[in-house]
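Student: I'd like to go through this one with you, piece by piece. Could you put it up first?

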Amino acid sequence: MSHAASFFAGLLAGAAIAVLFVQAAYRRKAALFGRLFSFAMHELNTPITAVNMTILNLLSDVFGELPAPLKPWIEMTREQVGRLNGLVGEVRDFVHMELHQDLRIEAVEMSVDEVLDEALVSIRRGMEQAGVDFGLIKTEALPAILCDPERAARCLSSILFHARKFRSGGPITLAVSRERDAVRFSVLYLGPRLSADEIEKSLELYYPATPRKDQVMGATGMGLGLIRRIARLIGGDLALRVEEDGRATLSLSYAAAGARA
Amino acid sequence: MITAKILIVEDEPAIADNLAALLTAKGHKAATCCEGAEGVERARKENFDLILLDVMLPRMSGFDVCKMLRSDPKTTKIKIIMVTGLGRMGDVEEAFRAGADDYLIKPFDSARLFKKIEKVLATP
């Protein structure tokens, strides 16, 4: 081997070692970043829990009867705390999914009514306040579903918030029905017209971070991509269909309990 | 509904006081303390049916408190529900390894809290 060839081989080997060092340093930094973020989310959780409990106690008259004129304001606060709580949960899921890669999702049996009650408790008030005509259509005798008890209601609330945010007019309807071996929660609303490409992109994990020049919001919370990923981890799914006139259907589906046996 | 004598071990007074108020309103007898060692001491002296035990406590973790309670014949039979944050993924497994009967993930609503309490108290 000539001197020049050995020199370049040495240079390449040195560069490869340098790249490995940089990668290792980057991974350490990413892991630290993830842990710090996780810790920050945990810290945020404490005041949210305290405020949430105080609000629920106020609304349940645990501290005595709440004067009627105060009730709408406290209910509004509950909705906002619920959103904040949901967002913190989403950020934490994201951190564990992408940075720690240790997100653990449970698939346990839950009744549809349980998920609906939890998701709609504050949403109804928010819809009313925003002047949205909100309706629920539910097929009778739905089977239990396999979902994560900590995330099922949050994911459903998030897609309802999405519909409220991006609705261009008209009512929002939540239709719950059985589809073969699954139960589908479909949120129907009239929204902006979207190309097939934009629809697919809006379901990607990093869609809210996509650089935009139009200053138009593309997502609420951490976006639809996170909800789809979580749903898929337990055999469910999230789909978005937008007709040419803007009629949109966001469908969150979970496997019916017993269907996988 | 089963009523019980419940100890809340939680270092955040806003959460502890709200929990105590809620439990009292539902007919339970609730007491609070903000440190693990105090929790163990009170559990030894008073006859609690259930302990709601936070995981992240100053000085001694909830897991260590749980292990101490399980290893003491005076407190080994007290039901324990550990309260943890969703972000700490190993917490749930760790809680069961430490001897907890169940766990509750923050933030939780009253319906979920009472469901867990009833389930744990009904288990022999």
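Student: In which helix is B:Leu19 found?

Tutor: B:Leu19 belongs to helix H1 of chain B, residues 13-25, where helices (H or I, at least four residues) and strands (E, at least two) are DSSP runs numbered from the N terminus. This is a predicted model, in which local features need pLDDT of at least 70 and side-chain atom pairs count only at pLDDT 80 or more, while totals for chains, interfaces and linings use all residues. Residues are numbered from 1 along each chain as its sequence is written, and chains are lettered from A and ligands numbered from 1 in the order in which they are written.

Student: Is B:Leu19 buried or exposed?

Tutor: B:Leu19 is buried, because 25 other C-beta atoms lie within 10 Å; buried takes 20 or more such atoms within 10 Å, exposed 12 or fewer, and partly exposed is in between, with C-beta atoms placed from the backbone.

Student: And which residues is B:Leu19 in contact with, leaving aside its neighbours within four places in sequence?

Tutor: Those are A:Met53, B:Ile8, B:Glu10 and B:Leu52, where a contact means that the C-beta atoms, placed from the backbone, lie within 7 Å.

Student: How many residues does each chain give to the contact of A with B?

Tutor: Chain A gives 23 residues and chain B gives 18 residues. On the chain A side, the elements that give two or more residues are helix H1 (3-59) and helix H2 (71-100), and H1(A) supplies the largest share, 13 residues.

Student: Switching to H4 of chain B, which residues there are buried?

Tutor: In that helix, residues 91-98, the buried ones are B:Asp91, B:Ala95 and B:Ala98. They cover an arc of only 70° around the axis, so they sit on the same side of H4(B), the arc being that of the directions from the helix axis to the C-beta atoms.

Student: What about the other side of H4(B)?

Tutor: There, B:Glu93 and B:Arg97 are exposed. The buried residues of H4(B), by contrast, have a cover that includes helix H3 (62-71), strand S4 (79-85) and strand S5 (102-106) of chain B.

Student: What follows H4(B)?

Tutor: B:Gly99 follows H4(B), and the phi of B:Gly99 is positive, near 110°.

Terms used: Two residues are in contact if their C-beta atoms, placed from the backbone, lie within 7 Å.
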